[in-house]
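Here is a friendly walk through a protein model, with its sequence and structure shown below. Please keep the viewer open as you read.

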Amino acid sequence: MNNFKRNTRALAASLVLALLAVPASALDAGKPAPAFDLAGPDGAVKLEKYAGKVVYLDFWASWCGPCRQSFPWMNEMQAKYGAQGLQIVGVNVDAKVDDARGFLATTPARFAIGFDPAGATPRSYGVKGMPSSVLIGADGKVLFEHSGFKAADRDQLETRIKAALGAKK
């Protein structure tokens, strides 16, 4: 039983240390969005590449049911507002990139995709669940964060995107 208690304490201590390594709260609106540089199916995906654009950054995983619902909506938003300066970027957090590729084969993305199997980008953004999104203004600063995705979210998210694009001018 002593080994069990020691192992339990060690596990608890490592969990506390892991939690301390993650930002305690989500990003603050008005602060610069953390930079990232990820490999993607179409080449490098870097936040700096989209300077001057409004970026809808979406964190997703292959096992996430609501992510399957969000992809058609994000494809629609990219098609509708891309010419006005919107860039949607999906960051996959699967440990195995092949899992992400399988998801993309059945649920295609018509926007930029980056793979982050190490999870550094979601950690820097304080992501706590899937999907999570961050709207970044043309000035590179965080405007808004959102967790989850359901049909009822669509109008509010589109309104936020339109407002950010209107403020860009």
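Does E158 count as buried or exposed, and at what relative accessibility? E158 has 12% relative accessibility, so it counts as buried; here buried means under 20% relative accessible area, exposed means over 50%, and partly exposed lies in between (1.4 Å probe, protein chains only).

A word on the source: this is a predicted model, where local features need pLDDT of at least 70, side-chain atom pairs count only at pLDDT 80 or more, and totals for chains, interfaces and linings use all residues. Residues are numbered from 1 along each chain as its sequence is written, and side-chain values use heavy atoms, with hydrogens and water left out.

**Salt bridges**

The structure holds three salt bridges, each defined as a side-chain nitrogen of Lys or Arg within 4 Å of a carboxyl oxygen of Asp or Glu.

| D37 | K46 | 3.9 Å |

K80 is partly exposed, at 44% relative accessibility. D153 is buried, with 7% relative accessibility.

Helices (H or I, at least four residues) and strands (E, at least two) are DSSP runs, numbered from the N terminus. In strand β3 (residues 54-60), seven of its seven residues are buried. V54, Y56, D58 and W60 lie on one side, with V55, L57 and F59 on the other.

Strands pair if DSSP finds at least two bridges between them. β3 runs parallel to strand β4 (residues 86-92) over seven bridges, and W60 has N92 as its bridge partner there. With strand β6 (residues 132-136), β3 pairs in the antiparallel sense over five bridges; D58 stands opposite S133.

S62 is found in the loop between β3 and α2 and is buried at 16% relative accessibility. Leaving aside neighbours within four places in sequence, its contacts (heavy atoms within 4.5 Å) include R68, N92 and D94.

There is one disulfide, meaning a pair of cysteine sulfur atoms within 2.5 Å. C64 and C67 form this disulfide, their sulfur atoms 2.4 Å apart. The torsion about the S-S bond is about 85°, so the disulfide is right-handed. C64 is buried at 3% relative accessibility, and C67 is buried at 0%.
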